[in-house]
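Q: I've got a protein model open and I'm new to this. Can you walk me through it?

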Amino acid sequence: MKRFLLLSLFLSLFFARTTLAQKNTISGAMIIHNTDVIKTKKEISRNLFLMGEAGLMVGEIGIGHDIMLTAGYRFKERFVAGGGIGYFGCYDYSYPGFLIYGYGRADILKNRKITPYASFYLGGNIPWGVYISPMIGVRIPTSKSIKFNISTGYVAASVMEDDGWESYVSSNWSLRIGVEF
């Protein structure tokens with residue numbers, strides 16, 4: 001009889017079905033503790049900051065545009081620091097440039113549906129020189145994870161004249177529209 005009980009206990013342990021979602025399974029009058037937990041969804045950090053912007057400029061370059069992709073880290077829900085890449089161009093005969101910049105932003109008011117902010121871009125307009133852009137704007141949430149940004153400000157960028165020999169720093173007013181993830 002002892003052999004039969006040991007054999008049935010062994011077979012019940014061998015053929016017991018347990019799933020990862022269950023913590024306790026009763027099988028053959030024995031409790032099996034399953035403590036394995038598998039994470040099925042990869043969680044994205046709430047502090048990760050991703051933004052894409054497109055802007056229209058008017059000033060010394062005539063009419064121009066810029067497209068910017070920014071990634072960063074959010075500190076204490078009000079401050080963002082990061083960097084990005086972009087494209088800077090104008091519609092007349094000046095040459096375009098490619099932007100590499102550092103980014104900083106501070107939300108002016110905390111916990112508002114429409115949040116005003118101040119941001120600053122500092123970097124280079126490759127291959128011509130500097131790119132500086134202080135901006136003020138508002139962030140409007142459209143869903144839980146997507147926010148719509150509208151900002152305006154000043155853009156100073158080194159550009160090359162159409163003759164290819166003379167570069168200068170242009171002063172421009174800019175209006176940007178962006179999406180933040």
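Q: Before that, where do the numbers come from?
A: This is a predicted model, where local features need pLDDT of at least 70, side-chain atom pairs count only at pLDDT 80 or more, and totals for chains, interfaces and linings use all residues. Residues are numbered from 1 along each chain as its sequence is written, and side-chain values use heavy atoms, with hydrogens and water left out.

Q: OK. How many helices and strands are there in the chain?
A: The chain has one helix and 10 strands. Both are DSSP runs, numbered from the N terminus: helices are H or I with at least four residues, strands are E with at least two.

Q: What pattern do they follow along the sequence?
A: It reads α-β-β-β-β-β-β-β-β-β-β.

Q: And how much of the chain is buried?
A: Buried residues make up 31% of the 181 residues. Buried means under 20% relative accessible area, exposed means over 50%, and partly exposed is in between (1.4 Å probe, protein chains only).

Q: What share of the contacts comes from residues 24 or more positions apart?
A: They account for 46% of the contacts with a separation of 6 or more. Contact means heavy atoms within 4.5 Å.

Q: Now pockets. How much space lies in the largest one?
A: About 760 Å³. On a 1 Å grid over the protein atoms alone, a pocket is an open set of points where a 1.4 Å probe fits, with protein on both sides within 12 Å along at least five of seven lines. Grid points are joined across faces, edges and corners, and the volume is the space filled by probe spheres set on the points.

Q: Which residues lie nearest its centre?
A: Arg46, Arg74, Arg139, Lys144 and Lys147. The whole lining has 21 residues, each with an atom within 4 Å of a point.

Q: How does that lining divide up?
A: Into four nonpolar, five polar and 12 charged residues. Asp, Glu, Lys and Arg count as charged; Ala, Val, Leu, Ile, Met, Phe, Trp, Tyr, Cys and Pro as nonpolar; the others, Gly among them, as polar.

Q: Switching topic. How many aromatic pairs are there?
A: A search of the whole structure finds six. Rings of Phe, Tyr and Trp (its six-membered ring) pair if their centres lie within 6.5 Å; planes under 30 degrees apart count as stacked, over 60 as edge-to-face and the rest as tilted.
A: One of the six is phenylalanine 49 with tyrosine 103, a stacked pair at 5.8 Å centre to centre with 10° between the planes. This pair links distant parts of the chain, 54 residues apart: phenylalanine 49 is in strand E3 (residues 48–59) and tyrosine 103 in strand E6 (residues 97–107).

Q: Are those two buried or exposed?
A: Phenylalanine 49 is buried, at 0% relative accessible area. Tyrosine 103 is buried too, at 5%.
A: Another pair, phenylalanine 88 and tyrosine 131, is edge-to-face: 6.0 Å centre to centre, 70° between the planes. This one joins strand E5 (residues 79–90) to strand E8 (residues 129–141), with the two residues 43 apart.

Q: Which residues do ring pairs link into a cluster?
A: Phe49, Tyr101, Tyr103 and Tyr121.

Q: What does its side chain make a polar contact with?
A: The side chain of glutamate 180, at 3.4 Å. A polar contact is a pair of N or O atoms within 3.5 Å; within protein, one must be able to donate a hydrogen and the other to accept it, and residues adjacent in sequence count only if both atoms are side-chain atoms.

Q: And valine 138, which strand is that in?
A: Valine 138 is in strand E8. It counts as partly exposed because its relative accessibility is 28%.
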